[in-house]
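Subject: Handover of a structure and notes on it

Dear colleague,

Please find below the structure that I am handing over to you. My notes follow it.

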Amino acid sequence: MNERATGFVRYLAYAMEIILLYVLGSTPGLLPEIFGAKPTLLLCVALTAAIFEREIPAMIIGIVCGVLIDLGHSNSIGLFTIGLAIICFIVGYAANNLVVAKFTTFLLYAFVTVGGLFMLYYLFGFVWAGVSDHWDYFMNHLLSRMVQTFLLSIPIYFLNRFIYHMLGTDE
Amino acid sequence: MKELWESGKIKIFLSVLLVLVMLSLFTRNVENNVVSSSVNTLTYGLSKVSAAAKDKHTDGMSYDELKEEYDALYKANRELRARLVDYYDVKEENARLWKFYELKKEHKDYQFVPATALRRDSNDEFYSFTIDKGTSSDISTGDPVMGENGLIGYISEADANTARVATILSPQAGIGAVDKATKDTGIITGSAKFADKNRTMFAKLKSEHKVKKGDIITTTGVSGIYPKNLIIGEVEDIGYDTYDTSYYALVKPYEDIRKIKDVAVITSFDGQGEILRSTK
(Lines give C-alpha, C1' and ligand atoms only; values in the text may rest on other atoms or scores of the structure.)
Protein backbone atom coordinates (compact mmCIF):
# COMPACT_ATOMS: atom_id res chain seq x y z
CA MET A 1 0.00 0.00 0.00
CA ASN A 2 1.22 3.50 -0.70
CA GLU A 3 1.48 6.20 1.93
CA ARG A 4 -1.91 7.78 1.15
CA ALA A 5 -3.70 4.44 1.32
CA THR A 6 -2.12 3.44 4.65
CA GLY A 7 -2.94 6.88 6.02
CA PHE A 8 -6.55 6.51 4.94
CA VAL A 9 -6.86 3.05 6.51
CA ARG A 10 -5.25 4.34 9.71
CA TYR A 11 -7.77 7.16 10.05
CA LEU A 12 -10.55 4.70 9.24
CA ALA A 13 -9.25 2.54 12.11
CA TYR A 14 -9.35 5.56 14.45
CA ALA A 15 -12.90 6.34 13.29
CA MET A 16 -14.00 2.76 14.00
CA GLU A 17 -12.32 2.90 17.40
CA ILE A 18 -14.12 6.16 18.26
CA ILE A 19 -17.51 4.75 17.17
CA LEU A 20 -16.97 1.51 19.09
CA LEU A 21 -15.91 3.25 22.30
CA TYR A 22 -18.72 5.82 21.99
CA VAL A 23 -21.23 2.96 21.80
CA LEU A 24 -19.55 1.18 24.72
CA GLY A 25 -19.63 4.32 26.85
CA SER A 26 -23.14 5.50 26.05
CA THR A 27 -25.19 2.30 25.90
CA PRO A 28 -27.20 1.98 29.14
CA GLY A 29 -25.90 -0.78 31.40
CA LEU A 30 -23.21 -2.05 29.03
CA LEU A 31 -20.22 -0.95 31.11
CA PRO A 32 -20.42 -1.51 34.88
CA GLU A 33 -20.16 1.49 37.19
CA ILE A 34 -17.22 1.21 39.55
CA PHE A 35 -17.50 3.42 42.66
CA GLY A 36 -20.37 5.31 41.05
CA ALA A 37 -18.67 6.16 37.76
CA LYS A 38 -17.69 4.91 34.33
CA PRO A 39 -14.53 5.88 32.43
CA THR A 40 -14.65 8.51 29.68
CA LEU A 41 -13.36 6.24 26.92
CA LEU A 42 -13.27 8.85 24.16
CA LEU A 43 -10.84 10.91 26.21
CA CYS A 44 -8.45 7.93 26.18
CA VAL A 45 -8.70 7.68 22.37
CA ALA A 46 -7.96 11.37 21.82
CA LEU A 47 -5.00 11.40 24.22
CA THR A 48 -3.40 8.23 22.87
CA ALA A 49 -3.95 8.97 19.16
CA ALA A 50 -2.41 12.45 19.57
CA ILE A 51 0.92 11.05 20.68
CA PHE A 52 1.35 9.17 17.38
CA GLU A 53 -0.10 11.70 14.96
CA ARG A 54 1.02 15.07 13.65
CA GLU A 55 -0.47 18.30 15.03
CA ILE A 56 -3.45 18.84 12.72
CA PRO A 57 -4.76 15.22 12.56
CA ALA A 58 -4.24 14.96 16.33
CA MET A 59 -6.26 18.13 16.84
CA ILE A 60 -9.08 16.87 14.58
CA ILE A 61 -9.28 13.58 16.52
CA GLY A 62 -9.32 15.61 19.75
CA ILE A 63 -12.18 17.79 18.47
CA VAL A 64 -14.30 14.82 17.31
CA CYS A 65 -13.89 13.06 20.66
CA GLY A 66 -14.45 16.32 22.57
CA VAL A 67 -17.68 17.11 20.69
CA LEU A 68 -19.04 13.62 21.42
CA ILE A 69 -18.10 13.91 25.11
CA ASP A 70 -19.57 17.41 25.50
CA LEU A 71 -22.80 16.69 23.63
CA GLY A 72 -23.16 13.44 25.55
CA HIS A 73 -24.06 15.30 28.72
CA SER A 74 -25.16 18.76 27.61
CA ASN A 75 -26.57 20.59 24.63
CA SER A 76 -23.43 22.58 23.95
CA ILE A 77 -19.81 22.06 23.05
CA GLY A 78 -17.34 23.36 25.59
CA LEU A 79 -14.55 22.32 27.88
CA PHE A 80 -13.73 18.88 26.46
CA THR A 81 -13.87 20.01 22.80
CA ILE A 82 -11.69 23.07 23.31
CA GLY A 83 -9.45 21.38 25.88
CA LEU A 84 -8.79 18.33 23.72
CA ALA A 85 -8.20 20.47 20.61
CA ILE A 86 -5.47 22.40 22.44
CA ILE A 87 -3.93 19.39 24.21
CA CYS A 88 -3.90 17.15 21.13
CA PHE A 89 -2.34 19.88 18.97
CA ILE A 90 0.41 20.54 21.51
CA VAL A 91 1.03 16.83 22.12
CA GLY A 92 1.04 16.10 18.37
CA TYR A 93 3.71 18.76 17.91
CA ALA A 94 5.75 17.82 20.99
CA ALA A 95 5.75 14.09 20.25
CA ASN A 96 7.10 14.70 16.75
CA ASN A 97 9.59 17.45 17.50
CA LEU A 98 10.48 17.89 21.15
CA VAL A 99 10.21 14.65 23.15
CA VAL A 100 10.52 10.94 22.37
CA ALA A 101 7.05 9.34 22.27
CA LYS A 102 7.56 6.37 24.56
CA PHE A 103 5.39 4.68 27.17
CA THR A 104 6.78 6.46 30.24
CA THR A 105 6.34 9.84 28.56
CA PHE A 106 2.78 8.86 27.70
CA LEU A 107 1.99 7.83 31.30
CA LEU A 108 3.16 11.18 32.64
CA TYR A 109 1.29 13.12 29.97
CA ALA A 110 -1.92 11.07 30.39
CA PHE A 111 -1.82 11.52 34.17
CA VAL A 112 -1.45 15.29 33.89
CA THR A 113 -4.03 15.79 31.11
CA VAL A 114 -6.71 13.47 32.52
CA GLY A 115 -6.30 15.04 35.96
CA GLY A 116 -6.20 18.56 34.56
CA LEU A 117 -9.24 18.23 32.29
CA PHE A 118 -11.42 16.61 34.95
CA MET A 119 -10.35 19.15 37.56
CA LEU A 120 -11.35 21.97 35.18
CA TYR A 121 -14.68 20.16 34.56
CA TYR A 122 -15.20 19.94 38.32
CA LEU A 123 -14.24 23.56 38.95
CA PHE A 124 -16.41 25.04 36.16
CA GLY A 125 -19.27 22.55 36.31
CA PHE A 126 -19.66 22.25 40.08
CA VAL A 127 -17.62 24.61 42.25
CA TRP A 128 -18.13 27.69 40.08
CA ALA A 129 -21.73 26.70 39.32
CA GLY A 130 -22.41 26.71 43.07
CA VAL A 131 -23.48 23.06 43.50
CA SER A 132 -23.69 22.75 47.28
CA ASP A 133 -22.39 19.19 47.69
CA HIS A 134 -19.70 19.31 45.02
CA TRP A 135 -17.18 17.67 47.32
CA ASP A 136 -19.41 14.57 47.61
CA TYR A 137 -19.61 14.46 43.85
CA PHE A 138 -15.83 14.74 43.58
CA MET A 139 -15.18 11.95 46.07
CA ASN A 140 -17.98 9.60 45.00
CA HIS A 141 -17.88 9.99 41.22
CA LEU A 142 -15.18 12.11 39.68
CA LEU A 143 -12.20 10.55 41.44
CA SER A 144 -13.24 7.09 40.31
CA ARG A 145 -13.84 8.33 36.76
CA MET A 146 -10.40 9.96 36.64
CA VAL A 147 -8.64 6.81 37.82
CA GLN A 148 -10.61 4.55 35.46
CA THR A 149 -10.01 6.85 32.49
CA PHE A 150 -6.28 7.00 33.23
CA LEU A 151 -6.00 3.22 33.64
CA LEU A 152 -7.98 2.46 30.48
CA SER A 153 -5.85 4.86 28.46
CA ILE A 154 -2.98 2.35 28.88
CA PRO A 155 -4.51 -0.53 26.80
CA ILE A 156 -5.84 2.04 24.32
CA TYR A 157 -2.30 3.47 24.03
CA PHE A 158 -1.03 0.02 23.02
CA LEU A 159 -3.93 -0.43 20.60
CA ASN A 160 -3.17 2.89 18.91
CA ARG A 161 0.55 2.15 18.90
CA PHE A 162 -0.24 -1.11 17.14
CA ILE A 163 -2.43 0.72 14.61
CA TYR A 164 0.31 3.28 14.04
CA HIS A 165 3.04 0.67 13.61
CA MET A 166 0.92 -1.38 11.22
CA LEU A 167 -0.40 1.56 9.22
CA GLY A 168 1.94 4.43 10.05
CA THR A 169 4.16 6.32 7.62
CA ASP A 170 7.96 6.07 7.65
CA GLU A 171 8.53 9.80 8.21
CA MET B 1 9.44 25.86 17.60
CA LYS B 2 10.38 28.44 14.94
CA GLU B 3 9.44 25.86 12.30
CA LEU B 4 5.95 25.60 13.80
CA TRP B 5 5.39 29.35 13.57
CA GLU B 6 6.63 29.45 10.01
CA SER B 7 4.72 26.35 8.83
CA GLY B 8 1.29 27.95 9.01
CA LYS B 9 -0.03 25.16 11.27
CA ILE B 10 -0.24 27.56 14.16
CA LYS B 11 -2.53 29.77 12.07
CA ILE B 12 -4.78 26.79 11.33
CA PHE B 13 -4.74 25.88 15.03
CA LEU B 14 -5.66 29.40 16.18
CA SER B 15 -8.40 29.69 13.52
CA VAL B 16 -9.92 26.37 14.57
CA LEU B 17 -9.72 27.41 18.22
CA LEU B 18 -11.52 30.66 17.44
CA VAL B 19 -14.26 28.77 15.59
CA LEU B 20 -14.61 26.35 18.52
CA VAL B 21 -14.94 29.19 21.04
CA MET B 22 -17.60 30.84 18.86
CA LEU B 23 -19.44 27.52 18.45
CA SER B 24 -19.25 27.00 22.19
CA LEU B 25 -20.84 30.39 22.85
CA PHE B 26 -23.45 29.75 20.17
CA THR B 27 -24.44 26.30 21.42
CA ARG B 28 -24.52 27.50 25.02
CA ASN B 29 -26.95 30.33 24.26
CA VAL B 30 -29.19 28.80 21.59
CA GLU B 31 -31.60 26.07 22.64
CA ASN B 32 -32.03 23.18 20.14
CA ASN B 33 -29.13 24.53 18.10
CA VAL B 34 -28.12 23.09 14.75
CA VAL B 35 -24.78 21.72 16.06
CA SER B 36 -26.20 19.53 18.81
CA SER B 37 -29.22 18.55 16.68
CA SER B 38 -26.91 17.41 13.86
CA VAL B 39 -24.69 15.35 16.16
CA ASN B 40 -27.75 13.88 17.91
CA THR B 41 -29.24 12.93 14.54
CA LEU B 42 -25.94 11.35 13.48
CA THR B 43 -25.62 9.33 16.68
CA TYR B 44 -29.34 8.47 16.90
CA GLY B 45 -29.13 5.38 14.69
CA LEU B 46 -26.01 4.19 16.45
CA SER B 47 -27.58 4.52 19.88
CA LYS B 48 -30.79 2.84 18.72
CA VAL B 49 -28.86 -0.19 17.47
CA SER B 50 -26.66 -0.44 20.56
CA ALA B 51 -29.62 -0.02 22.95
CA ALA B 52 -31.50 -2.76 21.09
CA ALA B 53 -28.44 -5.00 21.20
CA LYS B 54 -28.13 -4.39 24.95
CA ASP B 55 -31.74 -5.51 25.42
CA LYS B 56 -30.74 -8.89 24.07
CA HIS B 57 -27.55 -8.92 26.11
CA THR B 58 -27.46 -11.53 28.84
CA ASP B 59 -26.25 -10.35 32.22
CA GLY B 60 -23.45 -12.58 33.45
CA MET B 61 -24.82 -15.91 32.11
CA SER B 62 -22.52 -18.87 31.78
CA TYR B 63 -21.78 -20.64 28.50
CA ASP B 64 -24.05 -23.58 29.39
CA GLU B 65 -26.92 -21.28 30.32
CA LEU B 66 -26.44 -19.38 27.10
CA LYS B 67 -26.32 -22.60 25.09
CA GLU B 68 -29.48 -23.82 26.77
CA GLU B 69 -31.21 -20.54 26.08
CA TYR B 70 -29.99 -20.55 22.51
CA ASP B 71 -31.36 -24.06 21.90
CA ALA B 72 -34.71 -23.13 23.40
CA LEU B 73 -34.90 -19.97 21.36
CA TYR B 74 -33.91 -21.77 18.19
CA LYS B 75 -36.75 -24.21 18.73
CA ALA B 76 -39.19 -21.44 19.53
CA ASN B 77 -38.06 -19.48 16.53
CA ARG B 78 -38.92 -22.36 14.22
CA GLU B 79 -42.42 -22.49 15.66
CA LEU B 80 -42.92 -18.76 15.49
CA ARG B 81 -41.66 -18.34 11.95
CA ALA B 82 -45.11 -18.95 10.59
CA ARG B 83 -46.58 -16.09 12.57
CA LEU B 84 -46.79 -12.47 11.59
CA VAL B 85 -43.50 -10.69 10.96
CA ASP B 86 -44.27 -7.80 13.29
CA TYR B 87 -45.58 -9.95 16.14
CA TYR B 88 -42.80 -9.07 18.56
CA ASP B 89 -42.90 -5.37 17.78
CA VAL B 90 -46.62 -5.24 18.49
CA LYS B 91 -46.24 -7.30 21.66
CA GLU B 92 -43.47 -5.10 22.98
CA GLU B 93 -45.38 -1.91 22.21
CA ASN B 94 -48.45 -3.39 23.88
CA ALA B 95 -46.50 -4.26 27.03
CA ARG B 96 -45.06 -0.77 27.18
CA LEU B 97 -48.47 0.88 26.77
CA TRP B 98 -50.09 -1.47 29.28
CA LYS B 99 -47.85 -0.12 32.03
CA PHE B 100 -49.42 3.30 31.58
CA TYR B 101 -52.96 2.16 30.96
CA GLU B 102 -54.01 2.44 34.59
CA LEU B 103 -52.66 5.96 34.79
CA LYS B 104 -54.48 6.93 31.62
CA LYS B 105 -57.70 5.47 33.04
CA GLU B 106 -57.36 7.61 36.15
CA HIS B 107 -56.47 10.77 34.25
CA LYS B 108 -58.41 10.89 31.03
CA ASP B 109 -57.09 14.38 30.25
CA TYR B 110 -53.44 13.22 30.05
CA GLN B 111 -51.93 12.84 26.60
CA PHE B 112 -49.11 10.28 26.77
CA VAL B 113 -46.25 9.53 24.46
CA PRO B 114 -44.58 6.22 25.46
CA ALA B 115 -40.81 6.22 24.96
CA THR B 116 -37.72 4.15 25.68
CA ALA B 117 -34.37 5.21 27.11
CA LEU B 118 -31.95 5.31 24.20
CA ARG B 119 -28.73 6.16 26.00
CA ARG B 120 -27.37 7.28 29.35
CA ASP B 121 -24.28 9.38 29.56
CA SER B 122 -21.52 8.21 31.87
CA ASN B 123 -20.60 11.83 32.60
CA ASP B 124 -23.97 12.65 34.12
CA GLU B 125 -24.07 11.88 37.81
CA PHE B 126 -27.78 12.66 38.11
CA TYR B 127 -28.82 9.85 35.77
CA SER B 128 -30.33 11.96 33.00
CA PHE B 129 -30.98 9.97 29.84
CA THR B 130 -32.02 10.37 26.23
CA ILE B 131 -35.30 8.93 24.95
CA ASP B 132 -36.17 7.81 21.44
CA LYS B 133 -38.96 10.36 20.88
CA GLY B 134 -38.65 14.06 20.18
CA THR B 135 -40.51 17.13 18.96
CA SER B 136 -41.86 15.15 15.99
CA SER B 137 -43.95 13.23 18.58
CA ASP B 138 -45.26 16.49 20.13
CA ILE B 139 -42.74 16.38 22.97
CA SER B 140 -41.47 19.74 24.12
CA THR B 141 -39.11 21.12 26.76
CA GLY B 142 -40.61 21.04 30.26
CA ASP B 143 -43.01 18.12 29.67
CA PRO B 144 -43.28 15.82 32.73
CA VAL B 145 -41.89 12.30 32.33
CA MET B 146 -43.55 9.39 34.16
CA GLY B 147 -42.46 5.91 35.02
CA GLU B 148 -44.88 3.11 35.74
CA ASN B 149 -45.13 4.15 39.40
CA GLY B 150 -44.51 7.86 39.51
CA LEU B 151 -42.78 10.97 38.29
CA ILE B 152 -39.28 10.47 36.87
CA GLY B 153 -38.35 13.96 35.73
CA TYR B 154 -38.96 16.37 32.90
CA ILE B 155 -37.80 17.01 29.35
CA SER B 156 -34.79 19.32 29.55
CA GLU B 157 -33.93 19.42 25.85
CA ALA B 158 -35.73 18.14 22.78
CA ASP B 159 -34.89 17.87 19.13
CA ALA B 160 -36.74 16.20 16.26
CA ASN B 161 -36.07 12.56 17.11
CA THR B 162 -34.69 12.51 20.64
CA ALA B 163 -35.20 14.28 23.94
CA ARG B 164 -33.13 14.46 27.11
CA VAL B 165 -34.81 13.70 30.42
CA ALA B 166 -33.51 15.50 33.53
CA THR B 167 -34.47 13.35 36.50
CA ILE B 168 -35.85 14.27 39.91
CA LEU B 169 -32.41 13.23 41.26
CA SER B 170 -30.96 16.40 39.71
CA PRO B 171 -30.51 19.63 41.73
CA GLN B 172 -32.12 21.42 38.77
CA ALA B 173 -35.45 19.60 39.28
CA GLY B 174 -37.16 22.33 41.37
CA ILE B 175 -40.62 20.72 41.37
CA GLY B 176 -43.33 22.04 43.71
CA ALA B 177 -44.40 19.15 45.97
CA VAL B 178 -46.74 18.44 48.87
CA ASP B 179 -46.90 15.86 51.65
CA LYS B 180 -50.32 14.25 51.16
CA ALA B 181 -50.71 13.41 54.85
CA THR B 182 -49.70 16.69 56.47
CA LYS B 183 -50.15 19.16 53.57
CA ASP B 184 -46.62 20.51 54.12
CA THR B 185 -45.24 21.95 50.92
CA GLY B 186 -41.67 22.12 49.62
CA ILE B 187 -39.48 21.73 46.58
CA ILE B 188 -38.19 18.49 45.06
CA THR B 189 -34.51 18.93 44.35
CA GLY B 190 -31.80 16.33 43.88
CA SER B 191 -28.37 16.19 45.39
CA ALA B 192 -25.08 14.57 44.39
CA LYS B 193 -24.94 13.07 47.89
CA PHE B 194 -28.16 11.07 47.41
CA ALA B 195 -28.48 10.64 43.62
CA ASP B 196 -26.40 7.48 43.41
CA LYS B 197 -28.65 5.92 46.09
CA ASN B 198 -31.73 6.75 44.00
CA ARG B 199 -32.97 9.31 46.52
CA THR B 200 -34.06 12.91 46.13
CA MET B 201 -34.86 15.69 48.59
CA PHE B 202 -38.17 17.31 49.56
CA ALA B 203 -36.47 20.55 50.56
CA LYS B 204 -37.29 24.04 51.91
CA LEU B 205 -39.60 22.69 54.61
CA LYS B 206 -40.79 25.09 57.29
CA SER B 207 -39.19 24.69 60.72
CA GLU B 208 -42.59 23.68 62.17
CA HIS B 209 -43.26 21.05 59.48
CA LYS B 210 -45.01 17.77 60.37
CA VAL B 211 -43.52 15.56 57.65
CA LYS B 212 -42.73 12.05 58.89
CA LYS B 213 -41.37 8.76 57.59
CA GLY B 214 -43.67 6.90 55.21
CA ASP B 215 -45.57 9.99 54.02
CA ILE B 216 -46.30 10.09 50.31
CA ILE B 217 -45.05 13.10 48.36
CA THR B 218 -46.89 14.28 45.23
CA THR B 219 -46.76 17.25 42.90
CA THR B 220 -48.76 20.34 43.89
CA GLY B 221 -49.70 21.22 40.33
CA VAL B 222 -49.89 24.91 41.20
CA SER B 223 -47.44 26.09 38.55
CA GLY B 224 -49.27 24.45 35.67
CA ILE B 225 -46.03 22.75 34.63
CA TYR B 226 -46.81 19.42 36.29
CA PRO B 227 -50.27 17.93 36.79
CA LYS B 228 -51.54 17.79 40.36
CA ASN B 229 -51.08 14.63 42.44
CA LEU B 230 -48.35 12.91 40.44
CA ILE B 231 -46.69 10.55 42.90
CA ILE B 232 -43.01 11.34 43.46
CA GLY B 233 -42.07 8.96 46.26
CA GLU B 234 -42.14 8.15 49.95
CA VAL B 235 -40.39 9.94 52.84
CA GLU B 236 -37.54 7.84 54.18
CA ASP B 237 -35.83 10.23 56.57
CA ILE B 238 -35.84 13.83 57.80
CA GLY B 239 -32.70 15.96 57.83
CA TYR B 240 -31.44 19.49 58.32
CA ASP B 241 -29.48 21.22 55.57
CA THR B 242 -26.83 23.37 57.25
CA TYR B 243 -25.92 24.92 53.88
CA ASP B 244 -29.50 25.97 53.22
CA THR B 245 -30.50 26.31 56.91
CA SER B 246 -33.78 24.51 56.37
CA TYR B 247 -35.28 21.07 56.94
CA TYR B 248 -35.58 18.50 54.17
CA ALA B 249 -37.09 15.05 53.81
CA LEU B 250 -35.21 12.30 52.04
CA VAL B 251 -37.59 10.85 49.42
CA LYS B 252 -37.37 7.39 47.96
CA PRO B 253 -39.00 7.32 44.48
CA TYR B 254 -41.12 4.27 43.66
CA GLU B 255 -38.96 3.66 40.58
CA ASP B 256 -35.26 2.97 40.33
CA ILE B 257 -34.56 6.03 38.22
CA ARG B 258 -30.95 4.98 37.68
CA LYS B 259 -32.07 2.01 35.60
CA ILE B 260 -35.48 2.93 34.22
CA LYS B 261 -36.05 2.09 30.57
CA ASP B 262 -39.71 2.55 29.67
CA VAL B 263 -41.24 5.96 30.33
CA ALA B 264 -44.21 8.05 29.24
CA VAL B 265 -44.06 11.74 28.47
CA ILE B 266 -47.15 13.76 29.39
CA THR B 267 -47.48 16.15 26.47
CA SER B 268 -50.74 17.75 27.61
CA PHE B 269 -53.15 17.77 30.57
CA ASP B 270 -56.00 19.89 31.89
CA GLY B 271 -54.70 23.07 33.47
CA GLN B 272 -51.33 22.90 31.73
CA GLY B 273 -49.62 26.31 31.72
CA GLU B 274 -52.56 28.05 33.41
CA ILE B 275 -50.50 29.90 35.99
CA LEU B 276 -47.82 30.68 33.44
CA ARG B 277 -50.45 32.13 31.12
CA SER B 278 -52.14 34.10 33.88
CA THR B 279 -48.86 35.69 35.01
CA LYS B 280 -48.01 36.86 31.46
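Gly92(A) touches Ala50(A), Glu53(A), Arg54(A), Glu55(A), Ala58(A) and Met59(A), leaving out residues up to four places away in sequence. The model is a predicted one, and this applies to everything reported here. Gly92(A) belongs to helix 4 of chain A, which covers residues 79-97. Is Gly92(A) buried or exposed? Gly92(A) has 26 C-beta neighbours inside 10 Å and therefore counts as buried, the cut-off being 20 or more. The C-alpha atoms of Gly92(A) and Ile56(A) lie 7.7 Å apart, although 36 residues separate the two in sequence.

Chain A

Chain A has six helices and zero strands, and from the N terminus its elements run α-α-α-α-α-α. Of its 171 residues, 48% are buried. Among the contacts in chain A with a separation of 6 or more, 67% are between residues 24 or more positions apart.

The nonpolar core

The largest nonpolar core has 103 residues, and those touching the most other members are Leu42(A), Ala46(A), Cys65(A), Cys88(A) and Phe202(B). Apart from its neighbours within four places in sequence, Leu42(A) is in contact with Ile18(A), Leu21(A), Tyr22(A), Gly25(A), Cys65(A), Leu68(A) and Ile69(A). As general background, nonpolar side chains tend to be buried together in soluble globular proteins.

The contact between the chains

How many residues does each chain bring to the contact? Chain A gives 36 residues and chain B gives 35. On the side of chain B that touches chain A, helix 2 (9-29), helix 3 (34-55), strand 1 (111-120) and helix 7 (192-195) of chain B each supply at least two residues. Helix 2 of chain B provides the largest share of that side, 11 residues. Sorted by class, the side of chain B that touches chain A consists of 16 nonpolar, eight polar and 11 charged residues.

The barrel in chain B

In chain B, six strands close into a barrel in the order 6-7-8-11-10-9, with antiparallel pairing. From one strand to the next, the twist averages 45°.

Strand 6 of chain B (residues 175-179) has four of its five residues buried, so this strand is largely enclosed by the rest of the structure. Strand 6 of chain B runs antiparallel to strand 7 of chain B (residues 185-189), to which four bridges join it. Within this pair, Ile175(B) stands opposite Ile188(B) of strand 7. The two strands form a hairpin with five residues between them, and Lys183(B) in the turn has a positive phi of about 70°.

Strand 6 of chain B also pairs with strand 9 of chain B (residues 216-219), in the antiparallel sense and over three bridges. There, Ala177(B) has Thr219(B) as its bridge partner.

Ile238(B) stands opposite Ala249(B), which lies in strand 11 of chain B.

Two loop residues of chain B

Tyr127(B) is not a glycine, yet its phi is positive, at about 60°. Tyr127(B) sits in the loop between strand 1 and strand 2 (129-131) of chain B. This residue has 24 other C-beta atoms within 10 Å and is therefore buried.

Asn229(B), also a residue other than glycine, has a positive phi near 70°. Asn229(B) is placed in the loop between strand 9 and strand 10 of chain B. With 13 other C-beta atoms within 10 Å, Asn229(B) is partly exposed.

Yours sincerely

Definitions and conventions:
Residues are numbered from 1 along each chain as its sequence is written. Chains are lettered from A and ligands numbered from 1 in the order in which they are written. This is a predicted model: local features need pLDDT of at least 70, side-chain atom pairs count only at pLDDT 80 or more; totals for chains, interfaces and linings use all residues. A residue is buried if 20 or more other C-beta atoms lie within 10 Å of its own, exposed if 12 or fewer, and partly exposed in between; C-beta atoms are placed from the backbone. Two strands pair if DSSP finds at least two bridges between them. Two residues are in contact if their C-beta atoms, placed from the backbone, lie within 7 Å. Ala, Val, Leu, Ile, Met, Phe, Trp, Tyr, Cys and Pro count as nonpolar, Asp, Glu, Lys and Arg as charged, and the others, Gly among them, as polar. Axes are lines fitted to C-alpha atoms, for helices over the stretch in contact, and angles run from 0 to 180 degrees between N-to-C directions. A nonpolar core is a set of buried Ala, Val, Leu, Ile, Met, Phe, Trp, Tyr and Cys residues joined through C-beta atoms within 7 Å.
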